[in-house]
Amino acid sequence: MLKLERIVKDYDAGDIHVRALGGIDLHVTRGDYLAIMGPSGSGKSTLMHIMGCLDRPTSGSYLLNGRDVSRMNDAALARIRNREIGFVFQQFNLLPRETLQANVEVPLMYAGLGARQRHRMSADALRRMGILDRAHHRPSEVSGGQRQRAAIARALVNSPSLVLADEPTGNLDSRTGREILDILDSLNSEGVTVIVVTHDSEVGRRARRIINLKDGLIDSVEAAADEHH
Amino acid sequence: MNIIETVSLALRSLRSNNLRTFLSVLGVMVGVGAVISVISVGMSAQAEIARNISDLGTNIVSVLPNFRDSASQSRLLQMMNVGLGREMLEAVPALSSVSAVAQVEATLAVGGDTARATLMGVEPSYSKIIPTDTAFGRWLVIADLSVHSQVIVLSSSIASELFRGIDPVGKQVWVTAGERRRPFVVVGVTEAEEDEPASGAGRQAFIPVTTMVYRLLPARNVSMYLGQTRSASDTDAAVAQLRRFLSLKSVDPDAFEVSSQQALLDAMKKVTIIVTSMLTVIAGISLVVSGLGIMNTLLTAVAERTREIGVRKSLGARNDDIRAQFLVESVVLSSLGGMAGMALGYAGSMAVSKALNWPPAFNWLSVVTAMGFSTLIGLAFGVYPATRASSMDPVTALRCE
């Protein structure tokens with residue numbers, strides 16, 4: 001489903017030339033559960049941005065569901081992000097002025113769905129995350145765990161083929177963090193492809209495979225022997 | 001996203017910083033209000049000028065001497081007798097009537113009471129040219145002129161001041177003009193005019209022009225001629241014919257100044273249009289300045305909401321969606337200001353026309369123009385901030401704290 005070949009990403013900041021990714025080859029099949037780990041500066045965020053179609057590689061090819069997205073224009077990438085990818089961020093990144101339900105509706109709005117349909121789908125997603133009773137609250141009025149659940153509801157509402165989670169437990173206490181990881185596990189068991197970027201080994205253990213990055217290259221790949229699988 | 005959703009999103013975003021929104025709306029409001037007031041007051045002034053001039057009649061032609069030196073002055077004054085008016089009427093077919101007019105400031109006395117008045121020596125036709133109706137008694141007649149009779153028609157305010165309710169017709173008035181003092185018999189009183197002062201100068205009394213030049217004034221000449229054309233469309237022809245006649249008669253094309261009320265009206269209108277346009281441009285500058293205020297507000301909003309822009313892009317917003325979001329915000333801001341400014345402009349123009357007693361001329365065209373302009377300004381000054389927002393790199397925007 002994801003096929004990255006010799007992905008290179010260079011940054012030019014004035015005279016300083018930085019190679020963030022030095023040639024990544026990675027295949028991810030549908031329903032896979034991947035953890036991308038590595039110290040900061042290893043290139044894991046850059047890799048996530050490219051896999052999430054927020055950024056384009058300097059060279060190499062990236063096939064997502066059989067389509068080369070590495071050379072697509074901004075509008076086409078926006079469409080891919082909208083239909084194929086659900087993001088879960090460490091900072092939740094909910095819009096502070098909108099209710100949780102309105103937040104969940106944002107991707108549906110950009111997909112061009114009508115109000116009634118958006119309302120139904122967002123309510124379903126909130127119910128699935130167990131926070132339908134918080135639908136009309138603003139993010140500041142609910143707990144961190146509930147915010148992250150709302151963010152996951154938003155990531156799932158368009159039924160994406162890939163969920164990309166960037167340190168999803170980083171801003172949560174350990175108990176709430178485990179709940180969120182449980183949710184990701186259950187999503188994966190329902191067939192959603194999940195890729196988690198983390199430096200937390202406990203988070204990594206949940207995945208089927210751990211990709212260890214170092215200096216922009218894949219250092220090692222371990223198959224996690226986790227009790228969940 | 002449909003337009004209603006986009007506008008409601010814009011309103012929610014704008015509400016998140018009420019003071020900033022209020023200030024930029026205020027800027028547009030003042031700009032739009034100024035434009036509407038200026039245009040409306042300008043129209044009002046034009047209407048007022050037109051009203052004043054058309055009170056005098058648009059089919060009136062006036063002939064005034066054009067003194068350039070003492071030689072031409074004495075020559076012209078010799079020409080300017082009552083007979084010259086009759087010659088004009090014969091020579092110029094477009095004219096339906098002509099009156100020679102002589103004018104002097106005089107004191108009118110009855111017993112111990114006196115009143116200042118502008119004494120007008122006129123011909124009977126004068127009342128047709130400058131509509132003058134008599135409320136009591138009669139107006140001047142041809143016979144008054146031929147025998148230079150000492151009869152006078154008073155304005156209603158002079159009559160009431162000198163006679164205090166007694167019917168003045170048939171009573172005697174002593175008229176003093178310069179060195180001469182003569183008794184006159186009141187034959188009529190004109191109808192009250194709205195804009196006639198109740199006392200003091202500016203009030204008129206009418207006597208035969210021949211009596212004026214032969215019995216009251218030291219010189220024999222009149223001061224001007226007023227003519228009336230058969231219709232307003234004849235005015236230009238009458239002016240041209242009069243000029244030709246007078247230049248032949250005086251062997252000097254510039255001896256007389258011939259002008260029509262229509263020409264005066266046109267000239268005054270032109271002047272007000274120029275003044276109004278100038279003021280509109282100045283008011284328009286404030287509208288443009290208010291656009292800068294909007295741009296500033298939006299640039300701040302874009303900077304503050306960089307992360308939101310990143311989040312929206314990660315959720316599938318295209319650059320066009322982001323651009324539209326901020327452009328709509330800008331247009332909503334400027335049209336809110338436009339609507340408030342419309343109310344301000346309406347109030348302003350009404351207040352001005354009321355204070356000056358001018359006809360109200362709240363102009364719907366100015367409303368459409370100002371609203372259109374404010375929307376345009378929202379668009380024009382929103383483009384840069386909106387484009388800046390839309391062209392943000394999603395990764396950088398998401399990283400923004």
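With a relative accessible area of 38%, D74(A) counts as partly exposed, a class that lies between buried (under 20%) and exposed (over 50%) when a 1.4 Å probe is used and protein chains only are considered. The structure is a predicted model, in which local features need pLDDT of at least 70 and side-chain atom pairs count only at pLDDT 80 or more, whereas totals for chains, interfaces and linings use all residues. Residues are numbered from 1 along each chain as its sequence is written, chains are lettered from A and ligands numbered from 1 in the order in which they are written, and side-chain values use heavy atoms, with hydrogens and water left out.

Over all chains, 26 salt bridges were found (a side-chain nitrogen of Lys or Arg within 4 Å of a carboxyl oxygen of Asp or Glu). In one of them, D74(A) pairs with R56(A), with 2.9 Å between the closest N and O atoms. Because R56(A) lies in the loop between helix 1 and strand 4 (59-64) of chain A, while D74(A) belongs to helix 2 of chain A, the pair ties together parts that are 18 residues apart in sequence; here helices (H or I, at least four residues) and strands (E, at least two) are DSSP runs numbered from the N terminus.

R175(A) is exposed, with a relative accessible area of 55%, whereas E179(A) is partly exposed, at 28%.

In chain B, the side chains of E161(B) and R203(B) meet in a salt bridge of 2.7 Å, N to O. This pair links distant parts of the chain, 42 residues apart, since E161(B) is in helix 7 (residues 156-163) and R203(B) in the loop between strand 7 (180-190) and strand 8 (204-208) of chain B. E161(B) is partly exposed, at 28% relative accessibility, but R203(B), at 1%, is buried. Elsewhere, salt bridges that share partners join R97(A), R305(B), E308(B), R312(B) and E329(B) into one network.

Four cavities of 30 Å³ or more were found in the whole structure. The largest cavity contains about 80 Å³ of space, and among its 13 lining residues S13(B), L14(B), R20(B), A301(B) and E329(B) are the closest to its centre. Helix 10 of chain B gives the most to the lining of this cavity, with four residues. The second largest cavity contains about 60 Å³ of space, and its lining includes R81(A), F87(A), R154(A) and L315(B).

Conventions
1 Å grid on protein atoms, 1.4 Å probe; cavity = no way out; pocket = protein on both sides within 12 Å on 5 of 7 lines; lining within 4 Å. Points joined across faces, edges and corners; volume = space filled by probe spheres on them.
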